[in-house]
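Subject: The two-chain model, with notes

Hi there,

Here is the model we talked about, ready for you to open alongside this email. Have a look at it first, and then read on for what turned up.

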Amino acid sequence: MSPLGRYFHPLSPAGLWLGAAFLAVLLLLPVWGGSYVMTVATTVFYLALIGQSWNLMLGFAGLLSIGHALFVGIGAYTAAYLFAAVGLPPIVGVLPAIALAVLMGVLIGYLGFRFAIGGVYFALLTIAFAEFVRIIVDHVSWLGATEGFFLKVSSADRHGIDLVNLRGAPEMYYYLIMALALGALVLCRFLLRSRLGYYWQAIRDDAEAAEALGVNVLRYKMYAVIISSGMAGVAGVFYAFYQNSLFPEIVFNIERSIEATLGSIVGGVGTLFGPIFGTFILTPLGEIVTEAIDLLKHWGVIDPQIKLDGLKLLIWSFIVVLIVLFKPKGLWPWVCSRLRLTRPEAEG
Amino acid sequence: MDFWTLANAVASGLLIGLVYGLSALGLSVIFGVIRIVNFAHGEIMVMGMFFALLMFRWLGLDPLLSVPLAAALMFGFGYVLQLVVVSRVSHLPEHMQFLLLAAIAIMIVSALLLVFGPDAQGVDVDYAWNSFAVGELIIDYPKMFAAIAAVIVASLLLAFFKYTSTGKAIRACADNRMGAQVVGLNVSRLYALTFGIGAACLGAAGAIILLLFEVHPYLAPGYTLLAFVIVIIGGLGSLFGALVGGILIGVSEAMAALLFQPSMKSAFSFGLLILVLLLRPQGLLGKAVR
């Protein structure tokens, strides 16, 4: 079997055709989709990238992070600051952004793993650091503090393609984040089937047994944190230059960290396609709920005067509860077996 | 800075810290027995605050008199939540339990937003601005009453676990779940009771803290994080540790507000948390495990 064939081997013919068709639709999206569809699709891929990064830590190596917004935020602020202060283009700035995000990951990982702090404690440590950094950035005036940090953008910047400075048309951002998300998918596929990936899975399933067999648990856990936080840092750089404004209360908000986990958990933790599949369900679902509420108001079913601030989140979180209760392994494995997308002997 | 300024800050932090400690007790009880981290912690507490607010508005009831009612209501909520929802995920990995409770937390905040709106609302008791002085130490009545109420509820809870047979049975479940089942204890009912008791602590703490702070739905995640910090500092699962951690955090917040600025106070708490994890990861009063 050719290397390429082996790569796609786990997918059944039906899965291959469906995947190819889906990819074609997404590649051609800018042709038929309006600006609204483009924005939603860009968000989907952005969240899929972060989800992939988060899934690498929990799904592959068994490390629960609930502070992933921290790595994303550090990447975002680093690249944005270097661009605004010394004019460093983001294509170079992404390197220090990754470096700082990884440094933070290493710090948390070292603190956590040094005493074999597991499970809940590690998760709480990630939240604690995310909140700590949020409050610090709130008070750093050269990062804009609570007022926010803004990148200058002119209307001329909204056309064309400038990948060096990450300035251009919405289509450029869309294809870029799509490439990054799919790149992360390929990287995870590669890692999962590498020696490193098998070590991770051994640690995830039974750390003591892995250690007894001579796996350096601390080192391989650190590798997982390093790769994951680096990926999240890249996502942050994209965020900074896509949004052009950074607020600590938004970027480092714990809701961002929870958001990072949702797609993967709904899609299926530890599966390759789970994160991307989950975000493809959840983000449009949120949009549909918003639209439906607007429509009901329009038809007069709901009084338009009523403020429905929380309703969307209420419905959305209720759906998440249902998924946890009834499809705890995630939707992707279920869909896979239903539609026979994978060969029976392979796992998604 | 003179001595009395410092002493006033410490005293005020200590009194508020006792209320924080009561709230953290609720988290510690649930984790210690059911081994579930209640991510809807602050949300349940804020429900207690809103309940006390309604009682004040409708019946003119002082928040402190609402404490038993809020505790009873939240006990029922926690009991049903554990029995109907949380018990169904006990066999699932930690991250699924986290997600379930986080989703429930978001549901509670959203529902509160729909009902009460995003604005801060408070109660106005007639002793709100009264205080007494010991030397130059000035103690506000609301803070003192809140601390006394928190100590009473916490003592009742500790006595319940120490002296009643149900309390002992719950502790048996925490020590050895299978053993408890073998001797014929109804573990699922005791778990529901435990979640109820933890939630009742939060209801009580919510009603008490309404005396000191205004309430709005977005307050909830902050209280959740605060309780996490407190129980980790005190030792996850240690009841007395939760109280000690609460006092420590209360005082450290007051110090941060005095020495830096009020908005830095949670950074101080998180700094303290990181320090504890670095030096004594099992918490100040936690047992060393693993």
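**Chain B**

Of the 290 residues in chain B, 53% are buried, where buried means that 20 or more other C-beta atoms lie within 10 Å of the residue's own, exposed means 12 or fewer, and partly exposed is in between, with C-beta atoms placed from the backbone. Before going further, please note that this is a predicted model, in which local features need pLDDT of at least 70, side-chain atom pairs count only at pLDDT 80 or more, and totals for chains, interfaces and linings use all residues. Residues are numbered from 1 along each chain as its sequence is written, while chains are lettered from A and ligands numbered from 1 in the order in which they are written.

Chain B holds eleven helices and two strands; these are DSSP runs numbered from the N terminus, with helices being H or I of at least four residues and strands E of at least two. Along the sequence the pattern is α-α-α-α-β-β-α-α-α-α-α-α-α. The radius of gyration of chain B is 19 Å, which agrees with the value near 19 Å for a compact globule of 290 residues. That radius is taken over C-alpha atoms, and the globule rule is 2.2 Å times the number of residues to the power 0.38. Along the principal axes, the C-alpha atoms of chain B fill a box of roughly 60 × 50 × 35 Å. Looking at contacts in chain B between residues at least 6 apart in sequence, 80% join residues at least 24 apart; a contact here means that the two C-beta atoms, placed from the backbone, lie within 7 Å.

One backbone detail to look at in chain B is B:Arg35, which has a positive phi near 60 degrees although the residue is not glycine. B:Arg35 sits in the loop between α1 (3–34) and α2 (41–59) of chain B, and counts as partly exposed because 15 other C-beta atoms lie within 10 Å.

**Chain A**

Chain A has 16 helices and four strands. Buried residues account for 43% of its 348 residues. A compact globule with 348 residues would have a radius of gyration near 20 Å, and the 21 Å of chain A agrees with that. The box filled by the C-alpha atoms of chain A is roughly 60 × 45 × 45 Å along the principal axes. For contacts in chain A between residues at least 6 apart in sequence, 75% join residues at least 24 apart.

- Helix α9 (residues 195–205) of chain A has A:Tyr199, A:Trp200 and A:Ile203 buried. Seen down the axis of α9(A), the buried residues fall within an arc of 100 degrees, so they line one face of the helix; the arc is that of the directions from the helix axis to the C-beta atoms. An α-helix has 3.6 residues a turn, so residues three or four places apart point the same way. The buried residues of α9(A) pack against α4 (35–61), α10 (207–212) and α11 (217–243) of chain A.
- A:Gly236 is found in helix α11 of chain A and is buried, with 30 other C-beta atoms within 10 Å. Leaving aside neighbours within four places in sequence, its contacts include A:Gly73, A:Gly75 and A:Ala97.
- A:Leu166 has a positive phi of about 50 degrees without being a glycine. It lies in the loop between β2 (161–162) and β3 (167–168) of chain A, and counts as buried because it has 24 C-beta neighbours inside 10 Å.

**Where the chains meet**

How many residues of chain A are in contact with chain B? There are 38, and they touch 38 residues of chain B. On the chain A side, the elements giving two or more residues are α7 (119–138), α13 (254–267) and α15 (311–326). The largest share, twelve residues, comes from α7(A). By class, this side has 30 nonpolar, five polar and three charged residues. Here Ala, Val, Leu, Ile, Met, Phe, Trp, Tyr, Cys and Pro count as nonpolar, Asp, Glu, Lys and Arg as charged, and the others, Gly among them, as polar.

**Confidence**

The model scores ipTM 0.81 and pTM 0.85. Mean pLDDT, the predictor's confidence in each residue from 0 to 100, is 86 for chain A, with 93% of its residues at 70 or more. For chain B the mean is 88, and 98% of its residues reach 70 or more. Within chain A, confidence is lowest in helix α1 (residues 3–8), at a mean of 60, and highest in helix α5 (residues 68–86), at 95. Where pLDDT is low, the predicted coordinates should not be read in detail.

Happy browsing!
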